[in-house]
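This briefing sets out selected geometric features of the structure shown below. The points are grouped by topic.

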Amino acid sequence: MTGVLVARCAGCGRLAFPAPLVCHRCGSDSWHSTRIDTGIVEEVAQVLHAVGGTSGAVTVGSVRLDDGPLVVARVVGDIEPGRQVRVTRTAGGICAGAIGEKGEQGASATCLS
Amino acid sequence: VTCAARLVGAGETRYARRPTGSTTQELLAEAGGKALADAGLSWSEVDGLAVASFSLRPDHSIDLAWRLGLKLRWLMEDPHGGASALTMLQHASAAIGAGDARVVLLLAGDHLQGPDFRSLVNEFNVATRDELAPLSYGGPNALFALLMQRHMAKFGLTRETYGGVAVAQRRWATRNPGAVYRHTLSLDEYLAAPNVVPPLCRYDCVPLVTGADAVVLVAPDVHAQGVPVAVRGVVAHHNPDHQEGDGLITGLPDVARELKERTGRDPATCDIVSVYDDYSVMVLIQLVDLGLVSDGDIERYVRVELLERGRPVNTSGGQLSAGQAGAAGSMHGLVEAVRQLRMAADGRQVQGARSALVSGYGMVLYRYGACANAALLEAVP
């Protein structure tokens with residue numbers, strides 16, 4: 001399944017991620033979840049050296065989900081800031097890949113391995 | 001104002017890049033003993049204890065009190081990373097004002113090794129464990145690389161400006177025998193340094209060390225040796241934007257405004273400044289938030305105030321040069337400020353230093369730090 005589940009406040013409709021308990025805008029404590037499939041990459045950073053020496057360079061990015069909050073995602077493929085991406089919830093967290101068949105396959109192959 | 005609690009001692013263990021065989025508890029005890037010796041007070045006079053450490057478990061503050069032989073009337077433990085020292089100072093000042101304790105020892109320190117760091121960064125909180133660790137994101141460097149990109153774009157800055165912070169702090173460190181990096185750093189060396197997570201290079205990040213820091217806070221009528229340093233105010237503003245902003249503004253503008261209201265003094269006019277420097281970009285953000293960059297021109301402030309005029313900011317060299325000993329990082333700048341105001345900063349002593357501004361920042365909840373606090377200190381004549 002593609003997309004990422006994001007919390008939607010039952011009181012004011014605000015989207016938030018990760019899911020809060022109480023809405024800071026309206027005070028509601030009731031939340032639904034809504035699926036978002038795409039977003040825009042705002043920045044990317046290639047992790048060359050990880051704390052504690054985990055292996056393998058990964059690229060992470062800030063992705064502003066459509067109508068929603070900023071998430072930190074693993075960015076797969078050659079994606080520059082400003083690009084629209086498809087987001088997917090995987091065992092390796094939220095992945096952002098190029099829109100289009102090739103990019104999505106690339107995302108799955110990298111993130112699920 | 002005259003009844004403010006006073007800092008009368010400061011201590012720091014040696015910071016070591018490699019494990020020394022000491023436990024966290026032993027490091028905390030060593031730092032505490034040094035701070036008490038500085039104050040001319042003994043362990044038996046301590047009736048309040050506060051501790052911050054990521055590596056104390058399974059012990060807690062009461063276990064430490066037992067091993068330190070302390071009978072206490074007041075006790076706390078604080079988990080708030082880069083904000084923990086000033087959080088403890090805020091609580092301890094109130095406790096002394098309320099009469100709950102008279103001599104409080106504040107301790108912060110860690111003995112962390114590779115696997116400890118991995119588990120600390122991957123299980124920092126639920127959001128990190130569930131959303132960041134699965135990315136193999138490699139720790140907070142990645143998040144601050146994203147933040148630094150936003151900062152560079154928003155203010156039109158180049159790496160030279162961030163390098164200026166590292167170079168200026170290193171100049172102070174050359175006069176601090178306790179710093180792990182003491183050789184002069186040139187801007188060319190900064191620019192040629194290995195990348196960690198671009199645009200972050202090695203000198204934008206702290207060297208991780210083991211060690212501990214301590215200060216002694218007492219009621220105004222407790223007699224101690226040396227220059228007493230009054231705590232004029234400690235103010236905190238945490239979680240100012242619910243992690244929904246860009247991370248380029250902390251809670252410190254509100255802190256600075258409230259400090260000024262409560263003390264009658266503009267914190268930006270203090271003689272000495274210690275800002276929490278986990279990354280060079282966070283030094284710049286905090287200096288702006290605290291009102292030190294009066295014209296908003298960050299590039300000019302670094303070039304003129306820090307590099308040309310040598311304004312006393314992070315005069316130990318900061319964590320960027322001295323090292324970050326886990327939770328002790330939160331207390332490193334406080335220890336340095338107390339040393340400066342007590343005229344005990346040796347070769348890097350700032351002549352005539354009477355007042356100091358110390359800030360704390362930390363606890364990355366998801367995308368950037370949420371905690372911010374600051375203290376205004378003044379030497380008592």
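How are α3(B) and α13(B) oriented to each other? They are roughly perpendicular to each other, a class that covers angles of 65 to 115 degrees, whereas angles under 35 degrees count as roughly parallel, over 145 as roughly antiparallel and the rest as oblique. The model is predicted, so that local features need pLDDT of at least 70 and side-chain atom pairs count only at pLDDT 80 or more, while totals for chains, interfaces and linings use all residues. Residues are numbered from 1 along each chain as its sequence is written, chains are lettered from A and ligands numbered from 1 in the order in which they are written, and side-chain values use heavy atoms, with hydrogens and water left out.

**Chain A overview**

- Chain A contains 1 helix and 8 strands; helices (H or I, at least four residues) and strands (E, at least two) are DSSP runs, numbered from the N terminus.
- Read from the N terminus, the order of elements in chain A is β-β-β-β-β-β-β-β-α.
- Of the 113 residues in chain A, 47% are buried (buried means under 20% relative accessible area, exposed over 50%, partly exposed in between, with a 1.4 Å probe and protein chains only).
- Among contacts in chain A between residues at least 6 apart in sequence, 41% join residues at least 24 apart; contact means heavy atoms within 4.5 Å.

**Helix packing in chain B**

- Two packed helices are described by the angle between their axes and the distance between the axes.
- Helix α3 (residues 84-98) of chain B and helix α13 (residues 329-341) of chain B cross at roughly 65°, and their axes come within 6 Å. The axes are lines fitted to C-alpha atoms, for helices over the stretch in contact, and angles run from 0 to 180 degrees between N-to-C directions.
- On the α3(B) side this contact involves B:Ser84, B:Ala85, B:Leu86, B:Met88 and B:Leu89, and on the α13(B) side B:Ser330, B:Met331 and B:Leu334.
- The residues of the contact of α3(B) with α13(B) comprise 6 nonpolar, 2 polar and no charged (Ala, Val, Leu, Ile, Met, Phe, Trp, Tyr, Cys and Pro count as nonpolar, Asp, Glu, Lys and Arg as charged, and the others, Gly among them, as polar).
- Helix α6 (residues 140-155) of chain B packs with helix α10 (residues 280-289) of chain B at an angle of about 50°, the axes being 10 Å apart. α6(B) and α10(B) are therefore oblique to each other.
- In this packing, B:Phe144, B:Leu147, B:Met148 and B:His151 of α6(B) meet B:Val281, B:Met282, B:Leu284 and B:Ile285 of α10(B). The residues of the contact of α6(B) with α10(B) divide into 7 nonpolar, 1 polar and no charged.

**Aromatic pairing**

- Over all chains, the count is 4 aromatic pairs; rings of Phe, Tyr and Trp (its six-membered ring) pair if their centres lie within 6.5 Å, with planes under 30 degrees apart counted as stacked, over 60 as edge-to-face and the rest as tilted.
- B:Phe54 and B:Phe124 form a tilted pair, at 6.1 Å centre to centre and 50° between the planes.
- This pair links distant parts of the chain, 70 residues apart: B:Phe54 is in the loop between β2 (48-52) and α2 (61-67) of chain B, and B:Phe124 is in the loop between α4 (114-122) and α5 (126-132) of chain B.
- B:Phe124 is partly exposed, at a relative accessible area of 28%.

**Buried residues in chain B**

- B:Ala212, in strand β7 (residues 211-218) of chain B, is buried with a relative accessible area of 0%.
- Although 182 residues separate B:Ala212 and B:Glu30 in sequence, the two are 7.9 Å apart in space, C-alpha to C-alpha.
- Not counting residues up to four places away in sequence, B:Ala212 touches several residues, including B:Gly11, B:Tyr15, B:Leu27, B:Ala108 and B:Ala328.
- B:Thr24 lies in helix α1 (residues 24-39) of chain B and is buried at 4% relative accessibility.
- Leaving aside neighbours within four places in sequence, B:Thr24 contacts B:Ser53, B:Ser55, B:Leu56, B:Gly109, B:Asp110 and B:His111.

**Backbone geometry in chain B**

- The peptide bond from B:Arg57 to B:Pro58 is cis, with omega near 10°, and B:Pro58 is in the loop between β2 and α2 of chain B.
- The bond from B:Pro198 to B:Pro199 is cis, with omega near 10°; B:Pro199 lies in the loop between β5 (195-197) and β6 (200-201) of chain B.
- B:Ser136, a residue other than glycine, has a positive phi near 55°. B:Ser136 is in the loop between α5 and α6 of chain B and is partly exposed at 38% relative accessibility.
- B:Asn239 is not a glycine, yet has a positive phi of about 50°. B:Asn239 belongs to the loop between β8 (229-236) and α9 (252-263) of chain B and is partly exposed, with a relative accessible area of 33%.
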